[in-house]
Amino acid sequence: MRQASPKAPSDDKRWRMIDARIRRLGSSPDALIEVLHTAQEAFGYLDPETLAYVGAALGVPPSRTYGVATFYSHFTLKPQGKHTCVVCTGTACYIGGARGIIKRISQDLNIGPGETTEDKRISLLTARCIGACSLAPAVVFDDDVQGKLSPDDVMTHLEQL
Ligand code: FES
């Protein structure tokens, strides 16, 4: 009999999206790549906590979960920057101005999505939907979800990190 599902690491709504995906795929070890993909779309990258949670939920040993995440170049493990800035590019956020936010960050910090500033202070990432559509456009600064942001607001947040 399958073990009870592990408890999500936090109340972050994104875990609910990942849990829903896990359930839809039958909590099977075969679903590992698909669920990691969903997790990366939600968080922008896969940190050790996410890898551990997904592995436990699917009954996959940590060595295999980590092995798959490092093998496929599509997956991004914890970015190099001291801080992460994940700009949501899901439909609601895209319509709400995500493109302008990314453009501004790229211009001001000279980095594109998936890149880290030269001083290693900030990594810019994108995610497909972070579960905060009513706050569109939403950005996650480290673990802090902020919404209804203008490009100026985003730059102010980044300066304060
Ligand atoms: S589309 Fe951005 S939070 Fe859902």
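Helices (H or I, at least four residues) and strands (E, at least two) are DSSP runs, numbered from the N terminus. The model is predicted: local features need pLDDT of at least 70, side-chain atom pairs count only at pLDDT 80 or more, and totals for chains, interfaces and linings use all residues. Residues are numbered from 1 along each chain as its sequence is written, and side-chain values use heavy atoms, with hydrogens and water left out.

**View 1. The protein as a whole has 7 helices and 4 strands.** Along the sequence these elements follow the pattern α-α-α-α-β-α-α-β-β-β-α. The C-alpha trace spans about 55 × 35 × 20 Å along its principal axes. The radius of gyration, taken over C-alpha atoms, is compared here with a globule rule of 2.2 Å times the number of residues to the power 0.38. For 161 residues, a compact globule would have a value near 15 Å, and the 16 Å of the protein agrees with this. Of the 161 residues, 41% are buried (buried means under 20% relative accessible area, exposed over 50%, and partly exposed in between, with a 1.4 Å probe and protein chains only).

**View 2. R14 and D12 form a salt bridge.** The term means a side-chain nitrogen of Lys or Arg within 4 Å of a carboxyl oxygen of Asp or Glu, and the structure holds 5 of them. Between R14 and D12 the N to O distance is 2.6 Å. R14 is buried, with a relative accessible area of 2%.

**View 3. R21 and E34 form a salt bridge, with their closest N and O atoms 2.6 Å apart.** R21 belongs to helix α1 (residues 13–24) and E34 to helix α2 (residues 32–43), so the pair ties together parts that are 13 residues apart in sequence. Both ends are partly exposed: R21 has a relative accessible area of 22%, and E34 has 39%.

**View 4. D108 and R104 meet through their side chains in a salt bridge of 3.0 Å, N to O.** The two residues are 4 apart in helix α6 (residues 98–109), which means that about one helical turn separates D108 from R104. D108 is partly exposed at 41% relative accessible area, and R104 is also partly exposed, at 23% relative accessibility. Salt bridges that share partners join R104, D108 and D152 into one network.
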